Amino acid sequence: MHFKIETDHKPIIPIFSKKNLDDLSPRLQRIKLQMMKFSYTIVHIPGKELFATDALSRNPQKVPYKREELEAEIDAFIQMITNSLPASSRRLDERIVAQLKDETCQKLTDYVLKGWPSKKEVDTLCTPYWQNRYEISVQDGLLMRGCRIIIPKSHQAEVLNQIHEGHLGMTKCRARARCSVLAGNKKSN
């Protein structure tokens, strides 16, 4: 059954109608993945014209959820990301081992698993990651930012050579890199 979603939040419309999954933050990816099982059209209606308020958006603490369902959705999301990475399982295992040996990746993993300290207390190696701390996660032992693998310094030259294989030109090489990797010592990518 096809239905229409009416929202007074205009910025959400392109997120659910035009943007690719890879272009979204992990939180929005999860929401969009949940919505993919439905057939809908989303339209903007000014707030003053929305007569029925959305009770769920007014009091999110009162929304019941089943822990098992949430965990199943998260597991499915993680599997989708790891299965879509453009790397063999052997390469992914190599990246995991390299991340375990890399000091920056070790500290990032620790922050992800135990919680980020205040900005002043963050180790200088991890300072470039502070602004993206909510996008960084550990998935099946692999440290990632969104859908991209964080590459330890020891493997950056190798990955850069792989990206440049075939001389695609600067624009295509950057696009190829953005889809799957994030250099470990870069502020933004």
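This is a predicted model: local features need pLDDT of at least 70, side-chain atom pairs count only at pLDDT 80 or more; totals for chains, interfaces and linings use all residues.

Me: How many helices and strands?

Reply: The protein has 8 helices and 6 strands. These are DSSP runs, numbered from the N terminus: helices are H or I with at least four residues, strands are E with at least two.

Me: What pattern do they follow along the sequence?

Reply: It reads β-α-α-β-α-α-α-α-β-β-β-α-α-β.

Me: And what share of the contacts with a separation of 6 or more comes from residues 24 or more positions apart?

Reply: Such residues account for 64% of them. Contact means heavy atoms within 4.5 Å.

Me: Let's go to α5 and α6. How do their axes cross?

Reply: Helix α5 (residues 89–101) and helix α6 (residues 103–114) have axes that come within 5 Å and cross at roughly 90°. That makes α5 roughly perpendicular to α6. The cut-offs are 65 to 115 degrees for roughly perpendicular, under 35 for roughly parallel, over 145 for roughly antiparallel, and oblique for the rest. Axes are lines fitted to C-alpha atoms, for helices over the stretch in contact, with angles from 0 to 180 degrees between N-to-C directions.

Me: Which residues make the contact?

Reply: From α5, Gln99, Leu100 and Lys101. From α6, Glu103, Cys105 and Gln106. They divide into 2 nonpolar, 2 polar and 2 charged. Here Ala, Val, Leu, Ile, Met, Phe, Trp, Tyr, Cys and Pro count as nonpolar, Asp, Glu, Lys and Arg as charged, and the others, Gly among them, as polar.

Me: Where's Val97?

Reply: In helix α5. Val97 is partly exposed too, with a relative accessible area of 41%. C-alpha to C-alpha, Val97 and Gly141 are 9.3 Å apart, and 44 residues apart in sequence.

Me: New topic: aromatics. How many pairs?

Reply: A search of the whole structure finds 4 aromatic pairs. One involves Tyr111 and Trp116: ring centres 4.9 Å apart, planes at 40°, so the pair is tilted. Rings of Phe, Tyr and Trp (its six-membered ring) pair if their centres lie within 6.5 Å; planes under 30 degrees apart are stacked, over 60 edge-to-face, the rest tilted.

Me: Is Tyr111 buried or exposed?

Reply: Tyr111 counts as buried, at 12% relative accessibility.

Me: Which residues form an aromatic cluster?

Reply: Phe3, Phe38 and Tyr40 form one.

Me: What sits over the ring of Trp130?

Reply: The charged end of Arg133, 3.7 Å from the ring centre. The criterion is NZ of Lys or CZ of Arg within 6 Å of the ring centre and within 35 degrees of the ring normal. Lys119 and Trp130 are 7.0 Å apart, C-alpha to C-alpha, and 11 residues apart in sequence.

Me: Where is Lys119 found?

Reply: In the loop between α6 and β3 (136–139). At 53% relative accessibility, Lys119 counts as exposed.

Me: Last one, Cys147. Buried or exposed?

Reply: Cys147 is buried, with a relative accessible area of 15%. Its place is in the loop between β4 (142–145) and β5 (148–151). The C-alpha atoms of Cys147 and Gln29 are separated by 9.8 Å, at 118 residues apart along the chain.

Notes. Residues are numbered from 1 along each chain as its sequence is written. Side-chain values use heavy atoms; hydrogens and water are left out. Buried means under 20% relative accessible area, exposed over 50%, partly exposed in between (1.4 Å probe, protein chains only).
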